[in-house]
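Here is a brief report on one protein model. It covers a pocket and a pair of packed helices.

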Amino acid sequence: MPMITIYTDSSYNEANQVAGIGCVAIEGEKRRIFSTYHKLSSNNEGELFAIWYALLIYPNKPVKVYTDSQTAISYINGNVREDKPLTLKQRENRARLRILAYKINQLRKNNPSFQIEHIKAHTNRYQVHYIQNQMADLLAKEGIAKFFASQKVALAIHKNCIKTK
């Protein structure tokens, strides 16, 4: 079975606590793209969520994930340092990151061919990895745009309901 290559990224809107998620999956000559959003508490949580989301789409298949988030890789590999006192908010955020890393590692147990690799972001080079990472980045931004579009629709429906009452 050929290896599926997946590029993941997250874009975060702090004011609304929403992460846009972008994935580009390449299987031979086929390319699938995914763009969505999810209420999360940080961009790092969004990066881990994007990886988890990609693995859910391709369960038990040979997958190599590229991410520009070294933090996400550190959580997945269990290499997070606890070197300073943390606020309650920081501790809660780290707990959410650990939970997502745990979920990823549970999927990883069923998929021994799973690989993850860090890719440098925003290198402005004409290389395949850079271009695919940029596509995942744009899809993550599109996820944020989908969130804002959904809010406009919800607001329009709400205003319409008020007018008709």
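The notes below take the model's basis, then the pocket, then the helix pair.

## Basis

This is a predicted model, where local features need pLDDT of at least 70, side-chain atom pairs count only at pLDDT 80 or more, and totals for chains, interfaces and linings use all residues. Residues are numbered from 1 along each chain as its sequence is written, and side-chain values use heavy atoms, without hydrogens or water.

## Largest pocket

The largest pocket holds about 390 Å³ of space. A pocket here is an open set of points on a 1 Å grid over the protein atoms alone, where a 1.4 Å probe fits, with protein on both sides within 12 Å along at least five of seven lines. The volume is the space filled by probe spheres set on the points.

Its lining has 19 residues, each with an atom within 4 Å of a point. Asn44, Gln90, Asn93, Arg94 and Leu97 lie nearest the centre. Helix 3 (88-109) and helix 2 (70-77) each supply at least two lining residues. Helix 3 gives the most, with 6. Helices are DSSP runs (H or I, at least four residues), numbered from the N terminus.

## Helix 1 against helix 2

The axes of helix 1 (residues 43-57) and helix 2 come within 9 Å and cross at roughly 65°. Helix 1 is therefore roughly perpendicular to helix 2 (65 to 115 degrees). Axes are lines fitted to C-alpha atoms over the stretch in contact, and angles run from 0 to 180 degrees between N-to-C directions.

On helix 1, Asn44, Glu47, Leu48 and Ile51 meet Thr71, Ala72, Tyr75 and Ile76 of helix 2. Contact means heavy atoms within 4.5 Å.

Conventions. Parallel < 35°, antiparallel > 145°, perpendicular 65-115°, else oblique.
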